[in-house]
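Subject: Structure handover

Hello,

Please find the structure below. My notes on it follow.

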Amino acid sequence: MSDSRRALPAVHVLLELEGVRALAERVPRAVIASAVRAVVAEARDDVSRAPSTDGAWTEAIAARVDAGERPTLQPVVNATGVVLHTNLGRAPLAAAALTAIGEVARGFSSLEYDLATGSRGSRHTHCAGLLRELTGADDALVVNNCAAALVLTLNTVANGRDALVSRGELVEIGGSFRVPDIMARSGARLVEVGTTNRTYADDYRRACTSQTGAIVSVHRSNFAVEGFVAAVAPRDLAELAGAAGVPLLYDFGSGLMLDLSPWGLRGEPTARDAVASGASLVVMSGDKLLGGPQAGIILGRADLIAALRSNPLARALRVDKLTLAALHATLALYRDPARAVAEIPALAMLTTPVDALRARATAMVARLAARGVSARVNDTESTVGGGAFPTARIPSCAVVLDGSGDPITLERALRNGALPVIGRISDGALWMDLRGVESTDDDRLTQAILEAAA
Ligand SMILES: *Cc1c(COP(=O)(O)O)cnc(C)c1O
């Protein structure tokens, strides 16, 4: 052992420091002791960075205690310009959804209790009515997420049988979601048809045998292909599947409930379009463009939905009461489309006029300048994210911190602040795209920038 290691203070000595003892007012002694041991161990590993005074030891120990008290799942400000950012939790919930969660979470609820008859009920009833009304589907079922919806539907209709899918749709949706892997786990045998760029109706027809359990159509939600391409539209595929006597499963992903073309977002099907295509079962996410909680929504033929409900996997993939409460409240907003656009945060963010963002950025830059932090307003482009409108670029506006030091240091400071802010570095500066920032967060964002720049 080196001399400097031997010189590190003992744990019991550090525990007696005044500032360390004071920590006992807010955390149990065992927590303090473990923080002290961790800080000493760290100092032993890198003696050159060990605290050198009582004050520095106290500070390091207090910081360790604070870090342990802080949950790893924290609210952040999404200034990335990607509105439905999967890593940042996708859709923020509407106020109505938060209220609904609070009411159901506080006490007991009629989750599986039929208040009309006073007997056992089913959790599957709660959102089905609104989903039928809003999408035109015969029936609906809600599970944990869209991946779960795909597993459940394939396992129910094609377990041990062939599921035909175009080679152009064997895609990866995100980190750990690859369509072929999910399909394999469902018990269905994947049969690839067509080629990467061109798949024709005849490719499906030729692959249909007595072993075929389903035809699967996966929406290209996070990429675009162009050039020498051909695909069979879900409507035509539904007809083909009907003629072959097998169901068509249509994974359309986004959960878009309203036509957003008035706001320049074109080309994605809505849930109603997906149902109207004639697919036997449609699956989509709850937390993408629908703007609700994480959920997988299955829409379609009543007999198939009934079969899904009685599959034992449905029990393993079921959603909890908080999700159902939030989803119901979110769906209810869609009864009045104008209200949905105004009150569902994802839709409000995507449809905010760029002028409004510019005005907010301008005000923020002025407030920063008044406190000696130099920044400028810059037009930019945001994306939808969350696997929808992959090529859409939405005009946006950013606060660019170009005169407040090294952007990498600044980015780290903002990310590690009391309210973490996630921006993006571009052209040697840190950009805060306001499209994904609630206007009610502007003050907190300004404060976070001031603290990081200090
Ligand atoms: C996003 C997406 C999924 C996965 O949805 P999760 O809700 O994240 O499970 C599946 N299919 C498509 C087409 C998607 O866009």
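How do the residues of the shell around the ligand divide into nonpolar, polar and charged? The shell has four nonpolar, six polar and three charged residues. Here Ala, Val, Leu, Ile, Met, Phe, Trp, Tyr, Cys and Pro count as nonpolar, Asp, Glu, Lys and Arg as charged, and the others, Gly among them, as polar.

The model is predicted: local features need pLDDT of at least 70, side-chain atom pairs count only at pLDDT 80 or more, and totals for chains, interfaces and linings use all residues. Residues are numbered from 1 along each chain as its sequence is written, and side-chain values use heavy atoms, with hydrogens and water left out.

Ligand

The ligand is surrounded by 13 residues (a heavy atom within 4 Å). The closest are Ala147, Ser221, Asp251, Ser285 and Lys288. Polar contacts are pairs of N or O atoms within 3.5 Å. For oxygen atoms of the ligand, the distances are:

- Ser285, polar side-chain atom: 2.7 Å
- Ala147, backbone N or O atom: 2.8 Å
- Arg90, polar side-chain atom: 2.9 Å

On its own the ligand has 390 Å² of accessible area (Shrake-Rupley method, 1.4 Å probe), and the protein covers 93% of that. Helix 8 (146–158) and strand 11 (248–253) are the elements that give two or more residues to the shell. Helices (H or I, at least four residues) and strands (E, at least two) are DSSP runs, numbered from the N terminus.

Helix pair

Helix 6 (residues 95–106) and helix 15 (residues 321–333) have axes that come within 8 Å and cross at roughly 145°. Axes are lines fitted to C-alpha atoms over the stretch in contact, with angles from 0 to 180 degrees between N-to-C directions. Contact means heavy atoms within 4.5 Å. Helix 6 contributes Ala96, Ala97, Ala100, Ile101, Val104 and Ala105, while helix 15 contributes residues including Leu322, Ala325 and Ala329. The contact residues comprise eleven nonpolar, one polar and one charged.

Ala230

Ala230 sits in the loop between strand 10 (212–218) and helix 11 (234–244). Not counting residues up to four places away in sequence, Ala230 touches Asn197, Arg198, Thr199 and Tyr200.

Regards

Methods
Polar contact = N/O pair within 3.5 Å; in protein donor to acceptor, adjacent residues only side chain to side chain.
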